[in-house]
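I'll go through some local features, chain by chain.

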Amino acid sequence: MKRTARRVRDDWTTRGAGYFELRASQRARSRLGVLCTFVFIAFSALGVRITDLTIAVQADDAGRTVVADTATRHRAELVDRNGRLLAQNVDNIVLAANPRDVWDPVVVAQRIREVLPELDEASLVRRLSDRTREVVYLAWRVSPHERFEIHSRGLPGVIFREEQRRLYPQSNTLSHLVGYARDDGEGHAGIELGLNEEILAARDPIALSVDLRVQHALRDELSAAMEEFSAQAAAGVVLNVNTGEVLGMVSLPDFDPHSPGDPGLTTHLNRATGATYDLGSVVKPLTIAQALDLNLVSPETVFDVSGPYEVASHEIRDFHRIWEPIDVREILAESSNIGTAQIAELIGRERQRALFDRLGLLERLPVEIAGAARPLVPSNWGSLETATISFGHGLTLTPLHLAAATAATINGGYWVEPTFVMRAPGDPIPRRRVFSQATSDTMRDLLRYVVTDGTGGNADALGYEVAGKTGTAEKPRPGGGYDRNRLVSSFIAMFPASEPEVIVFALLDEPRGNASTGGYATGGATVAPAVGRIIERIAPFVGVMPTEPDMGLQLLAARAIDVTLSPQ
Amino acid sequence: MSRFSRTDRSAMVEWWRTIDQPTLICILGLAIFGVFVSVATGSASEARGLGVAAQYFVRHAIFTGFAIAALLLVSMRSVREVRTLGIILFVGALGAMALTLLIGPEVNGATRWLRFGPLSVQPAEFLKPAFVVLVAWTLSQGNRVPGFPGYSLALFILLAPLFLLLLQPDVGQSVLLTAVWGALLFAAGLPFVWTVGLAVAAGVMLGAAYVIFPHVTDRINAYLMGTEGGLTQVDFALRAMRNGGLFGTGPGEGTVKVHVPDAHTDFAFAVMGEELGLWTCIAVAVIFLVIVTRGIIRSMGERDHFVQLAAAGLFLLVGMQAFINMGVNVGLLPAKGMTLPFISYGGSSLVATGITLGFALALTRRRAGSRSVRGLANAGAH
């Protein structure tokens with residue numbers, strides 16, 4: 001450098017200042033020419049890009065509007081049998097932000113709150129300041145107008161995501177039946193999971209078998225009964241006995257399908273199809289029907305039920321001891337375990353097991369709803385099991401299992417495969433003959449007698465010829481044996497008895513007796529009244545008219561009195 | 001103009017005869033066009049709840065008036081006066097920038113403004129033309145006077161404002177200053193090895209900015225990888241331009257413009273594209289190209305080495321700024337906060353652009369013996 005400087009200075013002294021300036025400006029001239037070329041190239045690139053944008057417009061007309069980014073999958077609507085909406089997809093806008101693009105979290109939070117004042121400012125600022133994250137969510141549901149308002153405030157870093165959300169207009173009413181889909185667009189429970197592929201594939205709404213009005217009545221009355229008897233849980237099923245269509249299915253407590261939370265919660269347990277119980281005496285009609293069908297007994301066949309009855313060195317007892325001999329009709333009406341066990345002994349182990357198999361009671365039900373439970377079949381089905389199973393202990397069943405099997409005893413003798421999807425008129429109904437028509441006719445009569453003269457009197461809805469059977473099962477103790485104070489009380493009913501259309505099964509888990517029941521927590525005391533009220537409410541919806549016109553008038557009169565007497 | 005005779009020596013006539021008339025007309029045309037565009041961009045900002053459209057238009061028109069006044073006044077100065085003005089402006093702007101850091105309000109995470117009552121001034125805008133004049137003078141002195149530390153002094157002149165700019169922080173202006181500075185060094189005859197070295201250093205500095213400033217990181221990431229949901233400013237700018245098509249939606253008919261943040265400043269070009277059509281974008285780009293290339297070519301022919309460097313540097317400054325802004329608007333470059341001369345709203349930017357081009361016009365005015373070769377030959381005849 002020093003040498004160069006000296007040389008230059010020498011040159012300067014010899015040649016004068018003008019020379020250097022001239023040389024520098026000549027060099028600058030060519031170099032500025034290079035720069036000018038660069039400028040020209042850069043602007044040419046710009047021109048190409050602008051032209052490209054113009055051509056892109058003609059090629060891609062969609063670019064003319066702000067296109068929504070809908071990423072999540074489409075799910076078909078679900079409707080009830082009358083077309084009422086049960087589940088639908090709605091466009092949802094989520095307000096989010098990239099904190100790294102947010103210049104001033106406080107200002108952004110304030111401007112967002114101008115549009116969404118319900119949001120908490122401190123929490124907004126905290127989330128907007130979290131620069132460790134690329135996306136923070138600020139509000140899950142924003143209307144298109146709110147989105148516009150926020151957008152027009154020009155807040156850097158604030159972004160919107162459009163997605164499909166599953167909306168359940170009936171909320172908790174069908175939480176176990178319909179189930180729910182999560183934000184991933186996949187079903188995670190109930191029909192939403194069981195029919196996931198079909199729902200994703202379908203273009204038109206899928207009609208379920210459920211009748212929303214029936215469902216409401218069922219849920220209403222079960223909730224009331226559950227509260228009245230301080231029960232831990234409740235379940236109910238309403239089934240069309242001829243088509244197998246489930247018209248209503250309730251499990252309580254339930255949950256909000258929009259925010260289901262942890263699927264392991266007890267509220268998520270579907271007690272109607274996903275849990276099995278020792279159901280007790282409601283199973284007896286199956287045993288009686290088989291004995292009738294095999295011509296082993298007639299309704300008038302008399303049994304001695306007075307003494308304790310011993311099977312395989314176990315003693316079988318009745319709830320109330322019955323001293324005089326009674327016939328089969330009374331055995332059912334008075335719900336005698338001893339009588340039923342004697343009848344089961346006539347049937348025998350093999351034939352009992354074969355019948356239960358044909359009634360679908362040894363397998364998981366082939367239904368569309370996810371999480372159907374498998375019955376707990378005893379590994380050793382001996383003579384003791386034959387006796388206890390005949391009156392509902394030792395083989396655990398789901399309520400839907402029982403409803404479908406019992407339907408066979410009164411619908412003409414067919415076991416009809418239950419379904420949650422509405423059957424189109426003319427569709428073949430998957431069913432198999434289990435009992436004869438004669439057995440079915442007799443069973444209608446015997447079960448009607450239970451309500452008119454036996455333990456089921458509380459279920460007798462005026463004018464609807466209710467037939468039915470009570471059930472009161474003691475819950476197994478953890479250490480073995482049964483707990484007298486922890487009951488599963490239930491009632492199975494069908495109406496009208498002369499030509500049953502619908503079967504209703506309801507149960508209360510650990511109900512407490514109260515003053516109105518004289519302290520009893522039995523199925524006849526706690527569940528039967530609720531089932532009677534359910535029948536009264538749903539009969540008009542399932543097309544069952546009161547059997548006699550004057551009965552209908554009496555019913556109206558009774559209701560009118562109710563209305564007059566009650567303060568409201 | 002024929003009513004002025006060549007012998008008329010009045011200042012106005014002298015000025016008109018010596019000024020580069022085509023460039024002046026281009027500049028004035030651009031400035032007036034900018035006022036029309038402000039109607040569209042202002043209404044976009046109004047729709048976003050930022051002020052009133054009429055106010056943007058009126059203020060843009062007033063500031064454009066100031067800018068043209070500054071342009072004309074400055075363009076009448078002599079070369080010596082330009083150099084003096086440049087030095088004064090440089091020192092003043094540098095001081096104001098330091099003051100900004102101390103007392104300026106923080107807007108959008110940066111302190112770039114100085115408030116004088118109702119007026120907000122962005123000193124960095126005024127620094128740029130002065131900076132070019134000063135660097136050009138330093139480098140030309142280095143080439144003129146042996147032993148004069150031209151490059152070292154130029155480096156010092158760069159580092160002082162760069163330091164203040166990065167404290168604001170204002171990466172966009174820093175990049176622009178450095179780029180013009182590098183171009184001037186190159187033009188002044190920087191040896192080839194040094195040119196390559198400087199280019200490498202510039203790359204390293206850009207890398208450093210990417211690492212140090214989070215918003216630079218994000219914007220470059222967004223540019224390289226695209227963004228989720230496509231809702232960044234640039235995405236909306238592109239949508240606006242696509243929506244406009246070749247002939248635009250018509251004045252006031254743009255629909256996407258309301259989604260474009262900074263519609264009246266950094267993204268005015270895109271809004272203009274939506275409403276008036278992409279052909280106006282091409283027209284504006286061509287006018288800038290004409291002003292800049294014509295300016296540089298004219299500078300090349302200047303005999304005075306300082307004039308050569310300063311004038312070319314000033315045109316280059318305007319050209320680079322316009323190119324970066326338009327490049328960002330059409331998605332060619334990563335997002336960078338920079339105004340489009342004469343089109344974007346902003347008093348500081350408008351008046352500073354007036355001063356910049358005023359300097360450039362003053363320097364390229366024909367003077368006795370100012371043109372090289374031919375000018376030299378004609379000197380005696382004059």
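B:Phe63 has a relative accessibility of 14%, and because buried means under 20%, B:Phe63 counts as buried. This is a predicted model, so please take every value here as computed from it.

What is the partner of B:Phe63? B:Phe63 forms an aromatic pair with B:Phe66. The pair is tilted, with 6.3 Å centre to centre and 50° between the planes. Both residues belong to helix 3 of chain B, residues 53-75, and they are three residues apart, about one turn of the helix.

Another pair in chain B is made by B:Trp137 and B:Phe148. That one is edge-to-face, at 6.3 Å centre to centre and 80° between the planes. It links distant parts of the chain, eleven residues apart: B:Trp137 is in helix 5 (residues 123-144) of chain B, while B:Phe148 is in the loop between helix 5 and helix 6 (150-167). B:Trp137 has a relative accessible area of 23% and is partly exposed. B:Phe148, at 24% relative accessibility, also counts as partly exposed. Over all chains, the structure holds eight aromatic pairs.

Next, charges over rings. The ring of B:Phe186 has the charged end of A:Arg31 sitting over it, 4.8 Å from the ring centre. Within chain A, the charged end of A:Arg329 sits over the ring of A:Tyr449, 5.1 Å from its centre.

Now to helix 12 of chain A, residues 337-347. How many of its eleven residues are buried? Nine are, which makes the helix mostly covered. Among them are A:Asn337, A:Thr340 and A:Gln342, along with A:Ile338, A:Ile343 and A:Ile347. At the N-terminal end, A:Ser336 is the cap: a side-chain oxygen lies 3.4 Å from the backbone nitrogen of A:Ile338. After the helix comes A:Gly348, with a positive phi near 90°.

Last, a sheet in chain A. Five strands form it in the order 9-8-18-17-16, as an open sheet with antiparallel pairing. Which strands are at the edges? Strand 9 (246-252) and strand 16 (467-476) are the edge strands, each pairing on one side only. From one strand to the next, the twist averages 10°.

In general, strands of a sheet pair through backbone hydrogen bonds, either parallel or antiparallel.

That's the end of my part.

Conventions: Residues numbered from 1 in each chain as written. Chains lettered and ligands numbered in written order. Predicted model: local features only at pLDDT ≥ 70, side-chain atom pairs only at ≥ 80, totals over all residues. Heavy atoms only, no water. Phe/Tyr/Trp six-rings, centres within 6.5 Å; stacked < 30°, edge-to-face > 60°. Helix = DSSP H or I, 4+ residues; strand = E, 2+ residues; numbered from the N terminus. Buried < 20%, exposed > 50% of the residue type's maximum accessible area, 1.4 Å probe, protein only. Lys NZ or Arg CZ within 6 Å of the ring centre and 35° of its normal. Polar contact = N/O pair within 3.5 Å; in protein donor to acceptor, adjacent residues only side chain to side chain. Pairing = 2+ DSSP bridges. Axes fitted to C-alpha atoms, helices over the stretch in contact; angles between N-to-C directions.
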